[in-house]
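Please look over the sequence and the model before reading on.

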Amino acid sequence: MGKHVRVLAFVAVLALAAAACGGGGGGGGTGPTGPTTTGGAIKPGGTLRAWMDTDVTAAFDPQKEYFQVSFAFYRCCLLRTLLSYNGKGPDQEGDKVFPDLAAEMPTVSDDGLTWTFKLKQGLHYAPPLQDVEITAQDFIRAMMRTAKPEVAAGYSFYYSVIEGFDDFAAGKADTITGMTAVDDYTLQIKLTQPAGDLGYRFAMPATAPIPPNPADPKAPLGVAEGHDDDYGRFLVASGPYMFEGSEDLDFSVPAKDQEPVAGYQPDKLISLVRNPSWVADDQDDLRPAYVDAISVEICPGCEQEVAEEKVANDEIDHIFTNGVSAQTARKFSQDPNLQDQYFVEPGSGNYYLAMNLAVPPFDDIHVRKAVNYAVNKEGWRRLSGGEASGEIAGYYTPPSLLGNLLEGYDPYATPNHEGADSPEGLQLAKQEMAQSKYDTNKDGICDAPECKNVLSIGVVGRVAEAQHQLIAQNLAAIGIELDTKNFDNSTAYGKIFDPKNHIPFSVFAGWLQDYPDAYTFYFFPMYGPSILDQYNTNYSMTGASPEQLKKYGYEVTEVPGLNDKIDECAALTGDARVQCWAEAEKILMEDVVPIVPMIWSNVEQIISSRIVNYTYCLFDNQMAYEQVAIAPELQ
Amino acid sequence: MAKVQTEDAREDAGLEPSLGAGVGVEGRSPWQLFWRRFRRDRVALVGLVLIGLMIAAALSAGLFARYVVHHPDVNEFHFDMLDEYGLPLGPNKEFWFGADPQGRDLFLQVMYGARTSLIVAFFATGLEVVIGVVLGVIAGYFRGKVDTFISRMMDVVLSLPVLLLALGLVAACGLQPQGCLGGLIKPGLLLVSYVIGLFSWPYLARIVRGQVLSLREKEFVEAARALGASNVRIMFREILPNLIAPIVVYSTLLVPANVLFEAGLSYLGIGVPITTPSWGRQLSDASSLFQSAWWTMFFPGLFLLITTLAFNLVGDGLRDALDPRAEAAAYARKGRRRKRKEAMGEGEIVATEPAPTGGVG
Amino acid sequence: MIRYMIRRTLFLVIVLVVVSLFTFFVFVKLPAGDPIARAVGRHPSPELVAQVRKNFGLDRPLWVQYWKFASGMIPWPGLFLNEKVYFSYRNQTSVKEQILDRLPVTVALTIGAAVLWLLIGIPIGIISAIRRGSLLDRAAMIFALIGVSAPIFWLGLVLLYVFHFRLGWLPTAGLPKGQSVLESVAQGYFVLPWFSLAITSAAFYSRMTRGNLIETMAEDYIRTARAKGISERRVIFRHGLRAALTPVVTMFGMDVAFLLGGAVITESVFQLPGLGQYALVSLYAADFPAVMGVTLLGAFFIVVANFIVDVLYAFLDPRVRYT
């Protein structure tokens, strides 16, 4: 890939969110277990050598990091949370959360407002705090830091549902009233309204316990006191691995005099070694943690192809990247020695085209449906790299989150997904368009002036621009003439982030889940109350109230939405919740139609031949480092 | 003819014309001498021809696109030239240089790239010349405070970390269609030219200033002043014409530097817009592929090298032609062989310097 | 002498101020990119946005922001590249830490290349001047011409292709992690980058040396020296070279200073984790504190190098002190 293609991808907002180990769903399979599986048992030991071409975004600060790669490191290796994932793929319950620091799944009161977690006993932090036990208070400490304004935590909004959280954040209270440590091993959380996915929210790294400081027991934030900007450099692990040199951290001196941990050198190296406390405590069913150490080279600005070459030569075992370059995909697919070191896995995100419900001609549902018929999804996908890039999406939320309840559901299907580039597709699109008020002569081609010169925002880059061209062509077939404008990533997002800009159409949007529940797909882009003045991600203005529309200067006075349905589903748990989300999906695709879903993305992985028991973790969207081993003879 | 030729030889060597009985000596103006010496420099002529070829390529790119290879859009993606992994295919009958990593016709990309390089080079150099000459003349002529101020300005500009700031400027204004400063500065070739010119003018200004400092002491300036000519008139009517030759020489030598600057900016991804073909960017795209797709690096690199080489050859030739002393030293060295040739009746002096002389390049 | 130094110091400060203003304008005032987009997350409340802007120092008026950046240039402990201001937006770490980490790579690259190009360029220039018109001269000047015309990035790629991919004599681009720069130098990781940089500069220096020497040799005082019967060798080395090399020395100081600020293109081609690559990555990521830091540091080097050269000159040649 040319440098300039990657140039502006750094600012992409979508690289931030984490995915969840999702269950179910088709797409590319998890490959066979390791190319050098011997008949016998897997042997612990060896060092896993990895590579990435971008540093973590906030120096491993668990409250600030909102980045998929960082989430992977926390989950697999560094931080345990109340609940966590099993590090596996879609078919092996990788979408569920299991007790991790909790001894069992939490008990929830009948009204859904009180959650009680019982903790495992006798768990300790990594050196230098190997004598400090993990207790209930530590979780409250973590939530307090998440709420602290100066820390500017990335996803604190998930915890506003906890009683007293917002008051504490606003400085109106000294503690979070809704969280109590009933005793050292019992944590009780009271909510202001039911939230069926609270378990997922407490599997996120911001909720990982913060140890008290033995040298300063009164410090409210424990060892994080005085480290509002750089707590990650002083992170004490609770997982199977810790930063190398963790034992040298000295919390007895003032925060500004402390030396950061040696195992993380920004822009250079992440070095993880076994956490002796975790080994000794031996209370972890989720992580086998076979390898002895993990060494990740960070090389900002480096060519991915060079690193991929090293994977082929077994000099590196794995790389954290966005996809695999075409050259390497070809090499690995065609070389019989490398074929079983290349995997295409289901990702946890999608790509879609967003239509603004409050801007003509997209205020007419028939126009929006016609557009759904007209777009050539197969051609679009081929430009992205074909089947490896993802599965054509018939609807919005990735299937694995809906338990495959909507298998085969594709309300705007056209032959081979070619949209208006196939005669039947064009016919369907025209039939739909003929019912709209903007097609005055009912011939299936829009002729009203609102269909001319429709601003359409895209991003620069060879693939993206070709895709934009294709879409414009498809829409022209039904009379919608797009005024295509491509910008660099940052500027393009800047435009659609502002509801006042009234952008009618955008072609580069996508979403990535934070955890494997459809709530994270609905809450941001499809929920009226979520619309923000700045950094708004509800590009379609779905569910906007008349007041909101007026506030942002729209002439259209009302738009469809599904706010009530979202509220309903958010309160449920278990199967009823998933069923509810599936129903919401149908409402979205048939009654609201704010988007054209394009693909559910895949993730490509390449590994060296040293890796045994290759396991794909859907949450990480990467190979699960705590599940794999190194071939015994190569350790 | 022989008589005139030997007279030329004597003039070239800076010797006094011999006073042959009754034979008229044709006088030659400095310009004519200049051109004659240049014409004899075969290598410089080669450079001139190469430049001509590049200009021809740049001008005819559109014609080639439409009528010869039948790919009217230089940025068109040809899916049939990418294999199933999206990697480009090599030269064939229809795509003379093969495809570039984005599936475009590399031959056309390289042809249009000539346009980019030449336009930027000429504009940037032109800007440099205008600013540099004006400021250099003013500084050298007025001396004193004015000179100090302008010289300090030159020092400041020369102290800037040029590449980084150029990248910053182009990144700021060149990456979105609306440009910056409220649309005042739009992305494109002109922006890159402005930026390059902005950072390079001190080189020329310094040289010009030096020349003016010595020229202003000459008699003809005194004479003009005595006649009551204004400062401006002296500067531009008397001094400037004497500067034309060095300006031409050094400008020509600055052109390849500017070509390389633009190529460098585009290589780093922050140069001309993506829709404008540029050899620098083509080389950047090729850098990860060239092991399997050699053509993607070979052709842009070749053309870039030829262009810069050509300008350097011409510039060196111009400089040689300008400086008779350089020729004289060579003459002195070759003295014995030349004298023998003369004695045998061969008069025409052939340039013996195929390689250019050193100096500020 | 003292007065001269004071004047030069004053000038140094003025230049730095102007450079800092210009740099600030280019990198902070002009760009339309959003430096906080990554840090605010996916659903930021207005309070969060305000807090992030505050954390990044963007809520203050422009001239205050400028002052904060500029004062980070004062070489005083605690002020120089202080973490309060020079805190990377890209990975939320100290810019100074990064710069100090990467400086050895850039220094190794610069010193090695500088030594090489002096050792190659100047002797070639001298020999060519002495044996002017010979085959040696012509060959040398052709090499010089190509060296001056070739773009560094192309040269680097070609060298990589030939010496690594085809011949396998030298290691690939990039430096192995976990070992010191000196070890990497010893293992040959810098050889190709050195040559790429050196060839272009050597070509330039050889042409310049040759030209200067030829001109100098034609001067009257050289003829006088010859007439006095001094051997040709002494004439060249004692008298001719001194005058010919003075401009070369000036150039050399400037060139080294420029490179210390980060040889952006060479580091990019060979993926060396030096200051140049840091500047580039930061520029791509709209990480202004980092870009400002590296750019101002580069300017600092250049200005200081200038100062040193000027003072040295004044020391050697008293006439200069009165300019």
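## Basis of the model

The model is predicted, so local features need pLDDT of at least 70 and side-chain atom pairs count only at pLDDT 80 or more, while totals for chains, interfaces and linings use all residues. Residues are numbered from 1 along each chain as its sequence is written, chains are lettered from A and ligands numbered from 1 in the order in which they are written, and side-chain values use heavy atoms, with hydrogens and water left out.

## The interface of chain C and chain B

Contact (heavy atoms within 4.5 Å) links 53 residues of chain C with 57 residues of chain B. The buried area, meaning the accessible area (1.4 Å probe) that two parts lose on being put together, summed over both, is about 4700 Å². Carbon and sulfur atoms give 73% of this area. Arg132(C), Phe153(C) and Arg207(C) supply 14% of the area that chain C buries against chain B, more than any other three residues.

The rule also finds 1 salt bridge across this interface, defined as a side-chain nitrogen of Lys or Arg within 4 Å of a carboxyl oxygen of Asp or Glu. Arg207(C) and Asp316(B) are joined by a salt bridge between their side chains, at 2.9 Å from N to O.

## Helix H12 of chain A

Helices here are DSSP runs of H or I with at least four residues, and strands are runs of E with at least two, numbered from the N terminus.

Among the buried residues of H12(A) are Ala464(A), His468(A) and Leu475(A); buried means under 20% relative accessible area (1.4 Å probe, protein chains only). Their cover includes helix H9 (365–374) and strand E15 (454–459) of chain A.

## Ser608 of chain A

Ser608(A) lies in the loop between strand E19 (595–606) and strand E20 (611–612) of chain A. Ser608(A) is buried, with a relative accessible area of 0%. Its side chain makes a polar contact with the side chain of Asp317(A) at 2.7 Å.

Methods: Buried means under 20% relative accessible area, exposed over 50%, partly exposed in between (1.4 Å probe, protein chains only). A polar contact is a pair of N or O atoms within 3.5 Å; within protein, one must be able to donate a hydrogen and the other to accept it, and residues adjacent in sequence count only if both atoms are side-chain atoms.
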